[in-house]
Amino acid sequence: MLTPVVDDDGAPFWEYAAQGELRIQACADCGELRFPPRPCCPHCRSFATEWRRVAGRGRVWSYVLPHPPLLPDYAEQAPYNVVLVELTDAPRIRLVGNLVSEPGARLDSVPVERIRIGARVQVVFTATGLPQWVLERP
Amino acid sequence: MAVLKDATAIVGIGQTPFAKQLPEAERALACRAILAALDDAGIAPDEVDALASYTMEETDEVEVAKALGLGDLTFFSKVGYGGGGSCATVAHLAAAIATGQATVGVAWRSRKRGSGPRPWKNTTAQLPTPAQWTRPYGLLRPADEIAMLARRHMHEYGTTRDHLFNVALACRNRANQNPAAIMYDRPLTREMYMNSRWISEPLCLFDNCLETDGALACVLVSTERARDCRRPPVYVHSAAQGLPAQHHGMVNYWNDDPLTGPAWTAARHLWKHADLTPDDIDVAQIYDAFTALIPLSLEGYGFCGRGEGGAFTEGGALEIGGRLPLNTSGGGLSEAYVHGFNLITEGVRQLRGTSTAQVPGAATCLVTAGEGVPTSALLLRN
Ligand SMILES: [Zn+2]
C-alpha cells in the first residue's frame, strides 16, 4: 500500500494522526482553517499557524469505486471505495479517505449499497496512523 | 487584449498517424508533424523564430530547432499542467507575434502514451497534485479523481450515465467519419456503453480517452502575413488561460465549490475580450479526457446554466445538426488522446471547411484545454 509522501507543510497532520488526533491547520492570526496545509494564510497572509483539533465527524460529499487496472495492493481489494468527507466542524474542509467497517479493515469492507452521499461518518485511525472513516450508524 | 483580437492566424496544421504504438521516437514524430504543418502553410523552416509546447513535452526546443534547421529563435515558451496547456501554446505564440517578439511561431505536442508508461503508476514520485492527501487511499488515477466530481454532479443535478453516453457517442460518431481516428471503423452503441467494464464508478471504459502515440503541430503568423500563406487563415479571435484562485489541480475538492473548475475562469476572460457570445459558436472542440468533463465545461463556458450540462447533451445537441456539434474529429475519446492538441487542428479544419464531419458554414469554433487542471481556451474564426 502507498504511504503518504509527506512534505514540510503536511508533516504535523501526519504526526497528530499517528497519535490518533485529527487536526487541521489554522491561521494563528485570523483563525481561518485551511487544507491542504500551506506555509501562508490566503486570507490575511500570516505565516503563524496552529493545528486545531476537530471532532472528526463528517458527511460523505462524494465517492468513487475504482476497478483495475490498479497498483497490485489496491487491485487485490478492488472494487473498493474512496470517499470525500466534508467535516461537520468545517464544511469546506474535505478529506479524501476510505469508508471501512472498523479501523484497519479492508478497503472493500463496507458493502457498496451502504455508501451514499450525505451519510454521517466518524474518523478512526489505523495502527500506522492513517485516518479512515466508519459509518455513524452502521 | 484588444491588440490580440484577430491579430494572428493559424495558417498551417500537421500531424503524424495516430496509433496505439508507433515505431518512431517522440522527437522524430514531433519533427514530422512540424514539417507537415510548415508545408501546409507554405512557410520554410528557417523562417520559424518562435516555439511553444507543453512542460510535459519531452522534445525540447533546442533539439527540434537543430533537427529541422529552424531560424534563430527569439521566443520560446512551455505551458504547464498537462492537457491544460494545449490552447495556451497558441495563445503564447499569438501574444509574442502580436507584440513583435517573433514572426512565425510553431506549437506542437508529441506523445507516446499508447506504448509508454503511465506516470501515476509510479508509487513514490510526487505528482503535480497533493498526492499525500489522496493516493494512500487508492485515489490513484486521473479517472478516479474526476469520477468523484462526476458522482457529485449526478447527485446534485440529476446528471445520468445516459448524458455521459451522449458525449461518448457524439465523439465516436464523428470518429467513425474520420479515417485518421483510431475508432474510425468501430461504432459505439448504448448497449456496449452500458455493459462495458467499470474503470472508476461512475465512469466506465467508454468514459475514458484513448491512450495514443502521435504528434501534431500548428503554425501561427500575423494576420498581415497570413494573407500570403497557402491556406485560408483561421484567426485567433480570443485566447485565455485560467487558474482559479482556490484551484488545486485534478483534485479540486478544496475549492469552496469543486464543481466550478478552471473553465469558469478561462471563460470569463475569453468572452470578455471577444465580439462573440456562446450563442454565436458554430462548433466546439471541448477537452474530453473523460466524458464527465463535458457537462462541467458546457456550464463553465456558458452554453447552459449551472447544473444543466448533463441535460444539454439530450436530443442530439452534440451531434452534427445539433445545438453545438462537439469534437468533430472524434476528440480524445475516439480520435486520439494527444493532450488535446487534435482539438486545435480540428478547429482549424472546421473553419477551413475541410473536416471529415464538416459543420456546414462553420465560421466560429471554441477550442478548450484540460478542465480539471489549470486550463486555456481559444476562440477561432475564419
Ligand atoms: Zn489568516
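This is a predicted model: local features need pLDDT of at least 70, side-chain atom pairs count only at pLDDT 80 or more; totals for chains, interfaces and linings use all residues.

## Helix H3 of chain B

Helix H3 of chain B takes in residues 86-98. Its 13 residues should span 18 Å at 1.5 Å a residue, and the end C-alpha atoms lie 19 Å apart, so the two values agree.

Ten of the 13 residues of H3(B) are buried, which leaves the helix mostly covered. Among the buried residues are B:Ser86, B:Cys87, B:Thr89, B:Val90, B:Leu93 and B:Ile97. Just after H3(B), B:Gly100 has a positive phi of about 80°.

The size of an interface is often expressed as the accessible area lost when the parts come together. Chains A and B bury about 3,400 Å² between them, with 62% of it on carbon and sulfur atoms. In chain A, the most area is lost to chain B by A:Leu2, A:Trp61 and A:Val96, which together make up 19% of what that side buries.

Contacts link 38 residues of chain A with 33 residues of chain B.

## Polar links and the chain A side

One salt bridge is counted between chain A and chain B. In it, the side chains of A:Arg92 and B:Asp256 meet at 3.2 Å, N to O. There are also 21 residue pairs in polar contact across the interface.

On the side of chain A that touches chain B, helix H1 (11-18) and strands S3 (57-66), S4 (82-87) and S5 (94-97) each give two or more residues. The largest share, six residues, comes from S3(A). By residue type, this side of chain A divides into 28 nonpolar, six polar and four charged residues.

Technical notes
Residues are numbered from 1 along each chain as its sequence is written. Chains are lettered from A and ligands numbered from 1 in the order in which they are written. Side-chain values use heavy atoms; hydrogens and water are left out. Helices (H or I, at least four residues) and strands (E, at least two) are DSSP runs, numbered from the N terminus. The expected span of a helix is 1.5 Å times one less than its number of residues. Buried means under 20% relative accessible area, exposed over 50%, partly exposed in between (1.4 Å probe, protein chains only). Contact means heavy atoms within 4.5 Å. Buried area is the accessible area (1.4 Å probe) that two parts lose on being put together, summed over both. A salt bridge is a side-chain nitrogen of Lys or Arg within 4 Å of a carboxyl oxygen of Asp or Glu. A polar contact is a pair of N or O atoms within 3.5 Å; within protein, one must be able to donate a hydrogen and the other to accept it, and residues adjacent in sequence count only if both atoms are side-chain atoms. Ala, Val, Leu, Ile, Met, Phe, Trp, Tyr, Cys and Pro count as nonpolar, Asp, Glu, Lys and Arg as charged, and the others, Gly among them, as polar.
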